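Visitor: Hi! I'm new to this one, could you show me around?
Guide: Happy to, let's bring it up.

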Amino acid sequence: MKPSDAAAAALQPLREQIDQLDSELVELLARRARVTAQVGQVKQQYALPVYVPEREQALLAARRQQALAQGVSPELVEDLLRRVMRESYATQDQHFVCCRPSGGKVVVVGGAGALGNRFVSLFQRSGYQVAILEPQDWPQAAQLCQDAALVLLAVPITLTEQVIAQLPTLPAQCVLADLTSIKARPLQAMLAQHSGPVVGLHPMFGPDINNLIKQVVVVCDGRQPEDYQWLLKQLVIWGAELTTKAADEHDSAMQLIQAMRHFSSLVYGVHLAEEQADLNELLALSSPIYRLELAMVGRLFAQNAELYADIMLSSADVTALLQRYQQRFTQLLGLLAAQDKAGLMAEFAKGQQFFGELAQQFLQESKQLLQKAADGRS
């Protein structure tokens with residue numbers, strides 16, 4: 001018998017065992033999915049959020065401990081369970097409890113847009129009566145809004161204040177809210193336009209998400225917070241994580257989180273274009289970390305250009321921030337041009353001191369992301 005035939009004969013029964021175990025694993029996943037669907041029904045019945053971080057962490061910790069006892073990689077078990085849980089959250093995303101005791105009507109201004117439509121769907125699945133207000137509907141705006149429990153603005157940044165000023169008189173207890181990525185000026189405009197409850201919301205995600213599980217929504221309190229608690233609870237029921245910030249603090253943070261990053265990605269992408277870089281060659285030569293970085297830059301150019309231009313142009317402070325960034329870039333470029341290794345290392349040390357213990361945390365998180373990026377390559 002040839003060595004290859006002997007190897008095939010030895011492997012065959014082992015492969016059959018693996019096939020059988022994989023089949024059993026699929027059956028277990030199906031059983032688990034049926035149970036999690038029942039969990040979703042109970043959560044809906046008792047107005048419980050889809051995502052409960054304490055439960056998830058306890059489950060993962062217990063299974064990691066079990067994996068160690070069985071001689072199995074805890075990282076493997078956690079990766080598998082996180083993927084399974086992500087799927088189970090999706091099965092609980094079809095219907096939600098309505099958190100406003102008497103239900104009511106929600107008017108989404110800009111509800112035909114991508115992000116607005118996402119919220120239209122969520123409110124509909126939660127049992128609210130939903131109306132969409134688009135430019136052609138303004139002659140009927142007063143009629144659409146006359147019995148609204150919530151008027152939610154999901155319009156471009158540049159139009160937000162103008163649209164707010166055009167709103168008809170709203171019912172006294174109607175909540176007026178917006179989804180704009182800047183908060184101070186829209187919040188002030190809403191407070192001036194409506195005498196009832198007002199709140200500013202900033203979903204830190206785009207319309208391409210599958211659900212709100214673990215997605216951050218920033219809340220900027222406006223007026224009569226007791227009257228919009230039902231709305232905040234609804235967001236939590238959908239799976240969102242809420243973070244409360246003053247509007248000015250939010251806008252300052254967004255300059256670093258959004259505007260600066262978008263501008264840096266824009267410059268990087270335009271530079272690659274001007275250099276006539278061969279993207280396929282870059283991808284072929286990239287390890288997962290560089291591929292991921294390139295993907296994050298390329299992702300920008302799959303989005304709406306006007307939206308991202310508006311974010312970058314949203315405040316004069318962004319220009320000043322980027323000018324300071326340019327000065328530091330030029331300073332470090334000077335060290336590079338001078339072949340000043342000690343100077344570059346001294347600047348590196350500044351970053352190390354600033355990030356502190358978070359640097360190690362980010363290293364571990366990025367390792368997990370890179371492993372998933374590597375697993376996803378065909």
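This is a predicted model: local features need pLDDT of at least 70, side-chain atom pairs count only at pLDDT 80 or more; totals for chains, interfaces and linings use all residues.

Visitor: Okay, which domains does the domain assignment give?
Guide: The assignment lists domain 1 at 11–93, domain 2 at 105–245 and domain 3 at 250–339.

Visitor: And how far apart are domain 1 and domain 3?
Guide: Their C-alpha centres are 38 Å apart.

Visitor: Let's switch to the surface. Which residues form the nonpolar patch?
Guide: That patch is made up of Y325, F329, L332, L333, L336 and L344. Together they have about 540 Å² of accessible area.

Visitor: Which helix gives the most to it?
Guide: That's helix α13, residues 316–337, with 5 residues in the patch. Y325 is located in helix α13.

Visitor: Why is Y325 called partly exposed?
Guide: Because its relative accessible area is 35%, and partly exposed covers the range between under 20% for buried and over 50% for exposed.

Visitor: New topic: how much space is in the second largest pocket?
Guide: The second largest pocket holds about 380 Å³. It is lined by 13 residues, and L25, L28, L29, L80 and L81 are the closest to its centre.

Visitor: Which elements give two or more residues to that lining?
Guide: Those are α1 (3–45), α2 (53–70) and α3 (74–91).

Visitor: And which one gives the most?
Guide: For the second largest pocket, α1 does, with 6 residues in the lining.

Methods. Residues are numbered from 1 along each chain as its sequence is written. Side-chain values use heavy atoms; hydrogens and water are left out. Patches are made of residues with over 30% relative accessible area and no salt bridge: like charges are joined within 9 Å, nonpolar side chains (Val, Leu, Ile, Met, Phe, Trp, Tyr) within 5 Å. Accessible areas come from the Shrake-Rupley method with a 1.4 Å probe; for residues, only the protein chains shown count as cover. A salt bridge is a side-chain nitrogen of Lys or Arg within 4 Å of a carboxyl oxygen of Asp or Glu. Helices (H or I, at least four residues) and strands (E, at least two) are DSSP runs, numbered from the N terminus. Buried means under 20% relative accessible area, exposed over 50%, partly exposed in between (1.4 Å probe, protein chains only). Domain bounds come from an automatic or database domain assignment. On a 1 Å grid over the protein atoms alone, a cavity is a set of points where a 1.4 Å probe fits but cannot get out, and a pocket is an open set with protein on both sides within 12 Å along at least five of seven lines; lining residues have an atom within 4 Å of a point. Grid points are joined across faces, edges and corners, and a volume is the space filled by probe spheres set on the points.
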